[in-house]
Amino acid sequence: MITLKSEREIEGMRESGKVLAGVHLELRNMIKPGLSAYDIEVFANDYILKHGATPSEKGFEGYKYATCVDVNDEVAHGTPRRDLILKDGDLVKVDMTVNKNGYESDSCWSYAVGNVSQETKDLMDVTKKALYLGIAESVVGNRLGDIGFAIQDFTENKHDYGDVRDLLGHGIQPTMHEKPDVFHYGQKGKGLRLKAGMTITVEPMINEGTWKIADRSVKDRNDPWIYYVSADGSWSAQYEHTFAITDDGPVILTSQDAEEDEKMLAWARQYIKDNNY
Ligand code: MF3
Ligand code: CO
Ligand code: CO
């Protein structure tokens, strides 16, 4: 069942999203060569608790941490390891889910560690644009397939990247993962029709090479969770926002910078028009 949220619930999720965005804003300055993935975990966990919220990944299906931290070819669900020390040129993704007063928010961001290659900058830029294309498609009357189509066409046809199929966006609230599944690939005009009051995430994972992923567990990690890497070792970027679909268009609830969001959405709307998406 897909529940439609009231304005009050959306407001609650926005408060949760502010805490989450606050962590990302701090990470922008903190992430540097020499920092460990576990340093990120400790910082995020403390920040969330200090702001009257809880990290809802911790305890989720046995996951032990507040954050997922994935570097370079790692795609998702990496644990924040002490021995993962960020190096100049790395690409690190930090994904968190926050609960404040019963309201969930979920957002992943990609960070360049020190000086990254032009290839890495391009991958990050295209992946971020893919996220905003997905958000811009999330208007009342469109369908889920419109979101997936835009992301897939942009990343795989306009750019020669791999658009990970196996991990999806999702509805969110009252729990982290609700219906519907939000595919990052698909066909225009297909799938569920979008309605005002839906709260969902879009969170494309885009690989420089193949879209295929491999799982790497576990034993080396002393942790029950499987994490994913690109099948060909190519690097992967990810951006994720939680947002509400409203009669006035999508409202981003994990916004880090309203001006930046507006700029990216304006770009996305124009791109959608120019390419007949
Ligand atoms: N935040 C992730 C998502 O985008 C979920 C991570 S799984 C967890 O859906 F175990 F870490 F919580
Ligand atoms: Co997430
Ligand atoms: Co998510």
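**Exercise 1. Find at which angle the axes of helix α1 and helix α2 cross, and which residues make the contact.**

*Step 1.* Locate helix α1 (residues 7-30) and helix α2 (residues 37-50); helices are DSSP runs of H or I with at least four residues, strands are runs of E with at least two, and both are numbered from the N terminus. This is a predicted model, where local features need pLDDT of at least 70, side-chain atom pairs count only at pLDDT 80 or more, and totals for chains, interfaces and linings use all residues. Residues are numbered from 1 along each chain as its sequence is written, chains are lettered from A and ligands numbered from 1 in the order in which they are written, and side-chain values use heavy atoms, with hydrogens and water left out.

*Step 2.* The two axes come within 10 Å and cross at roughly 145°. (Axes are lines fitted to C-alpha atoms, for helices over the stretch in contact, and angles run from 0 to 180 degrees between N-to-C directions.)

*Step 3.* Now list the contact (heavy atoms within 4.5 Å): α1 brings V19, G22, V23, E26, L27 and M30, and α2 brings I40, F43, A44, Y47 and I48.

**Exercise 2. Work out how α3 and α4 run relative to each other.**

*Step 1.* Helix α3 spans residues 118-136 and helix α4 residues 144-158; their axes come within 8 Å and cross at roughly 155°.

*Step 2.* α3 and α4 are therefore roughly antiparallel. (Angles under 35 degrees count as roughly parallel, over 145 as roughly antiparallel, 65 to 115 as roughly perpendicular and the rest as oblique.)

*Step 3.* Look at who meets whom: V126, K129, A130, L133 and G134 of α3 touch I147, A150, I151, F154 and T155 of α4.

**Exercise 3. Identify the residue that bridges the two cobalt ions, ligand 2 and ligand 3.**

*Step 1.* (Donors are N, O and S atoms within 2.8 Å of the metal, or 3.2 Å for Na, K and Ca; water is not among the atoms, so sites may look incomplete.)

*Step 2.* The cobalt ion (ligand 3) is held by D106 (OD), H170 (NE2), E203 (OE) and E240 (OE), at 2.0 to 2.2 Å.

*Step 3.* Your bridge is D106, and the cobalt ions (ligand 2 and ligand 3) lie 3.3 Å apart. D106 sits in strand β5 and H170 in strand β7 (residues 169-171), so this pair ties together parts 64 residues apart in sequence.
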